[in-house]
Amino acid sequence: MGETSQAAGPGLPSSPSPSPPSPRSACSLSPTVGKGTPRPGGDITGRLTFPLLSVTLLVSFGSSMLYGYNLAVVNSPAVHIKAFYNATWSQRYGHELTPGPLTLLYSLTVSIFALGGLVGSLLVGMLVERYGRNGALSRSALLVLLASGFMGFSRELGSPEMVIIGRSITGLHSGICLSVVPLYLGEIAPKNLRGFLGLMPTIFICLGVFAAQVLSLPELLGELLLLHCFPESPRYLLIERNDVCGATKALHQFLGTPDVQDVIEEMKEEQQSLSSMEMVSVWQLLRDRSVHWQTLSVVVVNAGMQLSGIDAIWFYTNVIFENVGIPVSQIPYTTVGTGAIEIIAGLIGCFTIEKVGRRPLIIIGFCAMGICSAGITVSLLLQAALPWMHYVSVACVVGIIAGFCMGPAGVPFLMTAELFTQSHRPAAYIVGGSLNWLCNFTIGFIFPFLQMSAGAFCYLVFCGVCLLVALYVYFIIPETKNKTFMEISHIFATRRSVLSIPAHLIGMMRLDGYGTLDNSSLEGSGSSLP
């Protein structure tokens with residue numbers, strides 16, 4: 001059981017590995033735990049303290065809420081944006097845009113946000129290594145000011161290009177924050193609160209969407225600058241910077257207790273398992289066979305999160321409601337109603353994740369989205385003969401949004417933090433974040449054309465994606481609730497070891513709750529982890 005260091009995989013020199021203990025390590029509360037040494041105190045849990053709650057609300061408000069706002073802010077004013085583009089084009093060239101190029105330009109405005117997010121997600125690894133988690137979030141707030149300037153003056157200067165540039169910069173900010181926020185929260189939260197705090201940003205995404213639908217808020221500025229009042233991630237300080245004093249002080253503040261010995265020892269065990277490794281790059285992560293199941297899982301859940309069609313719903317809510325027969329005068333009120341449902345569903349997920357676990361929330365969420373996507377197709381095909389079917393369409397749209405906000409909206413980001421140890425985590429967020437934003441761009445750009453060509457059947461594509469992701473999670477991804485990062489690494493290590501065990505022995509071994517080999521039965525067989 002002590003041979004877990006190999007589960008993290010090899011690394012190459014993209015950043016220095018933890019150095020031998022320095023004088024700063026005098027803050028250590030007890031000797032470093034060696035391989036196989038039991039941790040004193042056993043369970044590593046914590047309570048929700050004011051600093052933990054404060055920093056979670058702060059980073060969620062300053063990043064996730066702004067992300068949600070920008071997802072939905074182009075929906076209601078679509079007519080005005082197109083009119084602005086037409087008027088500007090007419091002033092420049094003496095004629096208005098034809099419907100095809102106008103749709104293309106508007107689709108670019110919608111989807112450029114995702115391209116900016118893609119670039120931001122690719123920068124995450126460099127930023128968190130250079131500035132830390134807290135520092136990367138604080139500095140990214142300056143991008144919001146820059147984006148606000150571009151979009152705020154675009155009408156005065158008659159420049160649609162400034163709208164597109166501003167949205168791309170806002171996407172850059174969201175791309176950085178959507179990866180760094182769950183990384184930061186996942187590292188500062190005790191294991192029994194990691195799910196609750198990890199889903200808190202989802203609620204603020206829903207609040208941002210709701211705010212865009214109801215209030216048409218101006219750009220939010222400057223909240224992340226307050227992060228300097230809070231400490232850096234203690235896991236980052238100890239494992240990557242070997243700063244035991246700084247990590248101990250950060251834990252004291254976040255956990256609100258002087259007794260942080262168990263947490264320090266757990267982090268030291270992970271540091272020791274990584275002592276012969278260095279932070280891996282994206283290419284090294286993709287080639288590392290020891291974490292291929294974790295990497296594949298991150299790819300599936302992050303790509304599935306966007307290919308589920310949720311962005312099509314958020315970007316084009318008004319168009320969808322118009323197509324299903326809702327009177328134009330009632331569409332704004334219907335849209336506001338969906339925003340309220342988003343918040344309620346997000347709260348349900350946040351307050352139940354530590355009881356029911358990650359797997360049920362994401363499986364039920366994707367299944368609900370798949371069924372409702374198929375329901376939209378059926379209702380659109382039948383609404384000519386059955387006028388009341390447009391109410392079914394609205395219910396299905398609400399079901400898609402509720403299913404998404406309850407689990408798939410936040411659990412993939414949380415899983416990315418939980419499935420990897422410290423050496424692989426930044427690269428995993430780059431992979432997951434890049435795929436997330438690339439699929440976001442794809443859906444935002446092609447959905448209008450897909451809808452024009454496939455009509456009602458376009459939603460069956462989203463149905464298939466949702467059900468396939470739900471099946472993958474059910475059969476492949478284990479439950480990570482209330483487990484340390486090293487315990488989760490053990491689970492995947494035992495799963496890989498099944499491939500090297502003779503078939504006649506597998507039938508004699510006991511399986512645990514997720515269909516992987518129980519560690520005790522594996523040890524009894526004489527096999528060791530790969």
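**A conversation about cores and helices**

Reader: Which residues have the most contacts inside the largest nonpolar core?

Author: In this predicted model, the residues with the most contacts inside that core are Tyr184, Trp314, Ile362, Phe404 and Tyr459. The core itself has 129 residues.

Reader: And which helix gives the largest share of this core?

Author: Helix H3 supplies the largest share, with 16 residues.

Reader: What is Tyr184 in contact with, leaving aside its neighbours within four places in sequence?

Author: Its partners include Val55, Val59, Arg133, Asn134 and Leu137. Phe230, Pro231, Glu232, Ser233 and Phe254 are also in contact with Tyr184.

Reader: How do the axes of H1 and H3 cross?

Author: The axes of H1, residues 50-72, and H3, residues 99-152, cross at roughly 175° and come within 14 Å. Angles over 145 degrees count as roughly antiparallel, and H1 and H3 are therefore roughly antiparallel to each other.

Reader: Which residues meet there?

Author: From H1, Val59, Leu66, Tyr67, Asn70 and Leu71 meet Phe113, Leu137 and Val144 of H3. The residues of this contact divide into seven nonpolar, one polar and no charged.

Reader: Turning to the whole chain, how many helices and strands are there?

Author: The protein chain has 21 helices and zero strands.

Reader: What percentage of the residues is buried?

Author: Of the 530 residues in the protein chain, 59% are buried.

Note on methods. Residues are numbered from 1 along each chain as its sequence is written. This is a predicted model: local features need pLDDT of at least 70, side-chain atom pairs count only at pLDDT 80 or more; totals for chains, interfaces and linings use all residues. Side-chain values use heavy atoms; hydrogens and water are left out. Axes are lines fitted to C-alpha atoms, for helices over the stretch in contact, and angles run from 0 to 180 degrees between N-to-C directions. Helices (H or I, at least four residues) and strands (E, at least two) are DSSP runs, numbered from the N terminus. Angles under 35 degrees count as roughly parallel, over 145 as roughly antiparallel, 65 to 115 as roughly perpendicular and the rest as oblique. Contact means heavy atoms within 4.5 Å. Ala, Val, Leu, Ile, Met, Phe, Trp, Tyr, Cys and Pro count as nonpolar, Asp, Glu, Lys and Arg as charged, and the others, Gly among them, as polar. A nonpolar core is a set of buried Ala, Val, Leu, Ile, Met, Phe, Trp, Tyr and Cys residues joined through side-chain atoms within 4.5 Å. Buried means under 20% relative accessible area, exposed over 50%, partly exposed in between (1.4 Å probe, protein chains only).
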